[in-house]
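Work through these exercises with the structure open beside you. Try each task before you read its solution.

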Amino acid sequence: MAAVTSRAQRIGRPVSIIAILLVTAIFLFPIYWIGSTAFKPRNVATSVPPTVFFQPEITPFVKLFTKRAQLREQPTQEEYDAAPWWEQAIYDGGERVIKARGEPLLSQYPSRFINSLIVSVVSTVLAVGMGTLTAYGFSRFRVPGADDWLFFILSTRMLPPVVVAIPMFLMYRTFGLTDTHVGLIILYTAFNLSFAVWLMRGFIDEIPKEYEEAALVDGYTRIQAFYKIVLPESVTGIAATSIFSFIIAWNEYAFALIMTTRRAQTAPPFIPSQIGSGLPEWTVIAAGTVLFLLPVAIFTFLLRNHLLRGVTFGAIRK
Amino acid sequence: MANIALKGVTKRFGNLTALKDLDLEITDGEFFVLLGRTGAGKTTTLRMIAGLEEPTSGQIFIDGQDVGDWGVAERDVALVLQQYSLYPRYTVRENLAFPLKSPIRRLDAATIAQQVERAAKTLRIDHLLDRKVDKLSGGEMQRVSIGRAIVRNPRVFLMDEPLSALDAKLREALRTELKNLQVNLGATFLFVTHDQVEAMSMADHIGVLNEGQLVQTGTPHEVYNHPLNTFVAQSVGSPPMNLLAGKLDKGKALIAEAGLAMPCRAAPAQANAGSSLVFGVRPEDISLEADAPGEARIYDIENHGVEKILTMRAGETTFAATVAANSQVAIDETVRFAWNPDKIVFFDGETGNNLQAG
Ligand SMILES: Nc1ncnc2c1ncn2[C@@H]1O[C@H](COP(=O)(O)OP(=O)(O)OP(=O)(O)O)[C@@H](O)[C@H]1O
Ligand SMILES: [Mg+2]
């Protein structure tokens, strides 16, 4: 196969490479833009025409993590020299870091980020865990009305979720679930469960039940066979499903905006809320966005092999 | 080791009856082969004995105990399947050790290692122990599957066409090996197959299954020479028994379609003159002779080395004959043939039942 290339292939190859590069460039451009903005000095960020070459600085990230106030009077030279580099960077921008008992105060960003992590990770674990068990049940046992149940499970995704936002909000308020981690976790688990069940059922259906039956005959219980045989065989499916669930929970905006205000607020509603306060600090917002992109990128990168095999499951397997 | 008994076992899937009122006895230490075509219910029978499927009605006994409400593990049987029974992520060694590592057995690592080695030696797969199973050839995989069964001492071995995915040569070799293994272990084997050669060559007893019903059980000799009906007659032997429809007339077999009148042995009492019959004759009981009573045209010749299988036509009827390889015959030649009158089997023309049965 390798040695024989037709004329069309020889011409087609460079053409397709160029096309791929072009499409990739278009898709990556916003990321480049936000990424470069995150390292720009403040006055460069909004210049027209845009500045492409500049001296990158880390100040936007320092600003992102600290509580700051306008400088009323310039620091003395000793104060300035005694300050660590990141504090000097803030002084340079005409601001100071607000401190309590000598310790710098953190901005709200880290806590919002951690909220996002908690809510996304926990809801993903729950959705994928429950989804896998449910899918196993549907795949292996005769469930009366299985098709109807599965359709019902899927139908929960047919309505755009925002449609139920107001009744949900009223329910949440009644139960005291607004602005709680638990509330968001329940919500995201419910979102992701239906498609976790569907995806995992596809994967588990592909695992021959003969493996488990052999394990039963070999002296294992159903549960042991599930852990020893089915789980290892379905890691690909679990990885793919986890990534999808995680991305959906991580990026969810509408409900987070409605249901959370402070304590449990996640990053997606928080970042744009910063635009509204005074003159928008675009570089700081860009820095927050860049950090926000990282977990999904890292998670996807770690599981990339599984993901590739997962989404093309069945098509290229063997 | 143990004996197995099935009493009046029926299995229905929805409104399909896979097995009907099955009675089966397999004595301790015998090699029992269940022979049946595809869909006959062979796998279903094994799965019910293993406990993977519940009978709709009837009882299953292992060693005289009704195992109806026993779990799969408690029954302590080993099951070898046609395929898919090895765990793909494990090495051969891990696969062999898997049954021993079950929490119900509580074996220590040294015992496990020793038993794995022993099973591997018996099946000559010790050089494969550290290989991943998905890299093995079909024959090696089946050896490992059998190894996983013998590594512990199950009460019975259940084998679901373990050789049918292999090529002919390997199948033959493993057949002999499996039979020797069973003799050496003194184990009870229930082996199901659709291949009558396997059944004939390995079994102590054969049970012939037809659409969920057990038609006949007996030694290979009994099943071959005294088939209870035309179905069994056609299920064993290669080529199978020739079945020729006709009537009895003054002690002769009159086969009108073929224009033949052949001598035959004394007919059983039920075979009244004039009633419609089916005459069964094995291909090897037909011989080519110069002054023989029958006449037919050679339609096809298959050369099998030591013998030739002839397809012959007389009138509208086709039948097979096995003759010595040095017989001088040619296609389209008209030959005279005789059959061994003592070996003729009489079947009822309507029901297909052997008239001398019971
Ligand atoms: N789980 C099931 N649900 C419905 N029907 C089934 C099920 N298992 C088996 N059957 C049916 O029962 C009948 C017997 O099946 P079984 O698998 O025992 O046949 P078999 O003799 O093993 O055939 P083969 O030689 O093809 O393996 C078939 O008609 C089959 O379609
Ligand atoms: Mg079968």
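**Exercise 1.** By class, how many nonpolar, polar and charged residues does the shell around ligand 1 have?

*Solution.* The model is a predicted one; local features need pLDDT of at least 70, side-chain atom pairs count only at pLDDT 80 or more, and totals for chains, interfaces and linings use all residues. Residues are numbered from 1 along each chain as its sequence is written, chains are lettered from A and ligands numbered from 1 in the order in which they are written, and side-chain values use heavy atoms, with hydrogens and water left out.

Step 1. Collect the shell. Among its residues are Phe13(B), Arg37(B), Lys42(B) and Glu161(B). A residue belongs if one of its heavy atoms lies within 4 Å of the ligand.

Step 2. Sort by class. Ala, Val, Leu, Ile, Met, Phe, Trp, Tyr, Cys and Pro count as nonpolar, Asp, Glu, Lys and Arg as charged, and the others, Gly among them, as polar.

Step 3. Count. The shell has four nonpolar, five polar and three charged residues.

Step 4. Find the main source. Helix 1 of chain B gives the largest share, three residues. Helices (H or I, at least four residues) and strands (E, at least two) are DSSP runs, numbered from the N terminus.

**Exercise 2.** Which side chain has an N or O atom 2.6 Å from an oxygen atom of ligand 1?

*Solution.* Step 1. Look for polar contacts, here pairs of N or O atoms within 3.5 Å. The side chain is that of Thr38(B).

Step 2. Turn to the backbone. An N or O atom of Gly39(B) lies 2.8 Å from a ligand oxygen. For Ala40(B), the distance is 3.2 Å.

Step 3. Check the cover. Ligand 1 alone exposes 630 Å², and the protein buries 61% of that. These areas come from the Shrake-Rupley method with a 1.4 Å probe.

**Exercise 3.** What is the strand order in the open sheet of six strands?

*Solution.* Step 1. Trace the pairs; two strands pair if DSSP finds at least two bridges between them. The order is 6-7-8-3-9-10 in chain B, with mixed pairing.

Step 2. Find the edges. Strand 6 (77-80) and strand 10 (213-218) of chain B each have a single partner strand, so one side of each lacks a neighbour in the sheet.

Step 3. Zoom in. Strands 3 and 8 of chain B run parallel, joined by five bridges. Leu34(B) has Val192(B) as its bridge partner in strand 8.

Terms used:
A polar contact is a pair of N or O atoms within 3.5 Å; within protein, one must be able to donate a hydrogen and the other to accept it, and residues adjacent in sequence count only if both atoms are side-chain atoms.
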